[in-house]
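Visitor: Can you walk me through some of the helix and sheet packing in this one? Start with whatever term I will need for the helices.

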Amino acid sequence: MANGSNGSNQSNAKNLLCSFCGKGHSRNSLIVSGQSSATMCYDCVKVLGQLIQSKNYPNHPVTTPDQDLVPKSIYKTLDQYVIGQNKAKKVLSVAVYNHFKRVWNSSTISDVELQKTNILLIGPTGCGKTLLAETLAKTLSVPFAICDATSLTESGYVGEDVENILLRLIQSADWDISRAEHGIIYIDELDKIARKEGINRSITRDVSGEGVQQELLKIIEGCIANVPPQGGRKHPHQDFLQINTNDILFICGGAFEGLDDIVAKRATTIDQMGFLSNTQKKEDNRGITSTQITPEDLLEFGFIPEIVGRLPVVTQLESLDKESLIQVLKEPKNAIIKQYQQLFHIDNIELEFTDDALEAAAEMALTHNTGARSLRYIIENTLLDVMYELPSMKYITKCVVDRDCINGTGTPTLTDNSDVEFKLPSSAIQQSA
């Protein structure tokens, strides 16, 4: 009898019941085991944790419509941060308004099912694609996450799973799943996962191309996704966070180098057949426009039909010319010049850039061929020695930067507290270097 009793006890110890869900678990799978034999499994702990979180964060409601949040007001906000790109801002304003109008009225009973209007931005580097997405999220006060598509690979290969994109959004929402489910995700460098041509798929797998497109498809079109809370690769014995992606807005962007050749080839073929009017035959010296891009062009570029179908709104961003780069330097709310002027103002120094200095910076940025991205580097490089020296020169009240300073052939003009102007000695710059 004693032996039988011990065997029964050992069996019960190996298979304990959760006091909440009633399922059998091994002792290692139980997180709570009190003196009263009350036990709780990890699944129940996770559910209770989500319930407690929803009760403790009443200040994080699902985004509700604002009476002033109409396409014109969205455009006006974008205009304060993004220079140019008027057509893209208009397209985005309408698409985003329609998307969140669909979300806000999801409880309305109707026979018509409204589908998501995910967005594809096509334009060269440094033209404002990421800034547009960031500004939209800020305008709508929703969680926002950025992902680089080049870091994603198919499941089972070295790299990131696509679900890690959702984890970043959840983290941006302070782990509030309900807020994350109404956020915005920007996927950059989407063109880099186009299907690779010339690959013998029976021998070599396209693990960072078509495979990633298939993985992205399920979360872009809407599903209940299992997200590993610690990131990294998923494995069967891992606990997951579940998030519904039906109401998450996906904005994708990329340079799509070579797409203009595909469009031009198609347009030439149609032109030879006599189907284009004279106005359509005129070429835009800044490249293709969004009205010229068709789903067939994206398919030929290397995207699967399902992905193309889930990105119905396509808009083209223009390259920035010299005048636009000068505007980027000084006009937006977060303009680079304004930021450095504020830094100098903290030291009670007035910072001024002459018009020819701004022109020189824009001209130098054009030679870098990276759009507005190189502007901060140029200004930072110009002011490095000045910012090193001036905090020690308490009598300086003003600093003027001209074209020679930008080109590296001169030094800024300084004004002291007696209104005497002089040049920053080049010897000081050499010593700091």
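Guide: A crossing is left-handed if the near helix is turned anticlockwise from the far one by less than a right angle, and right-handed if clockwise. Helices (H or I, at least four residues) and strands (E, at least two) are DSSP runs, numbered from the N terminus.

Visitor: What sort of model is it?

Guide: This is a predicted model, where local features need pLDDT of at least 70 and side-chain atom pairs count only at pLDDT 80 or more, while totals for chains, interfaces and linings use all residues. Residues are numbered from 1 along each chain as its sequence is written, and side-chain values use heavy atoms, with hydrogens and water left out.

Visitor: OK, how do α14 and α16 cross?

Guide: The axes of α14 (residues 336–346) and α16 (residues 373–389) come within 11 Å and cross at roughly 20 degrees. Axes here are lines fitted to C-alpha atoms, for helices over the stretch in contact, and angles run from 0 to 180 degrees between N-to-C directions. That makes α14 roughly parallel to α16, a label for angles under 35 degrees; over 145 is roughly antiparallel, 65 to 115 roughly perpendicular and the rest oblique.

Visitor: And is the crossing of α14 and α16 left-handed or right-handed?

Guide: The crossing of these two helices is right-handed.

Visitor: Which residues make the contact?

Guide: From α14, I336, I337, Q339, Y340 and F344; from α16, L375, R376, I379, E380, L383, V386 and M387. Contact means heavy atoms within 4.5 Å.

Visitor: How many bridges between β6 and β7?

Guide: Five, in the parallel sense, with β7 covering residues 184–188. For C147, the bridge partner in β7 is I187.

Visitor: How many residues of α6 are buried?

Guide: Seven of the 10 residues in α6 (residues 163–172) are buried, where buried means under 20% relative accessible area, exposed over 50% and partly exposed in between (1.4 Å probe, protein chains only). Among them are E163, N164 and I165.

Conventions: Pairing = 2+ DSSP bridges.
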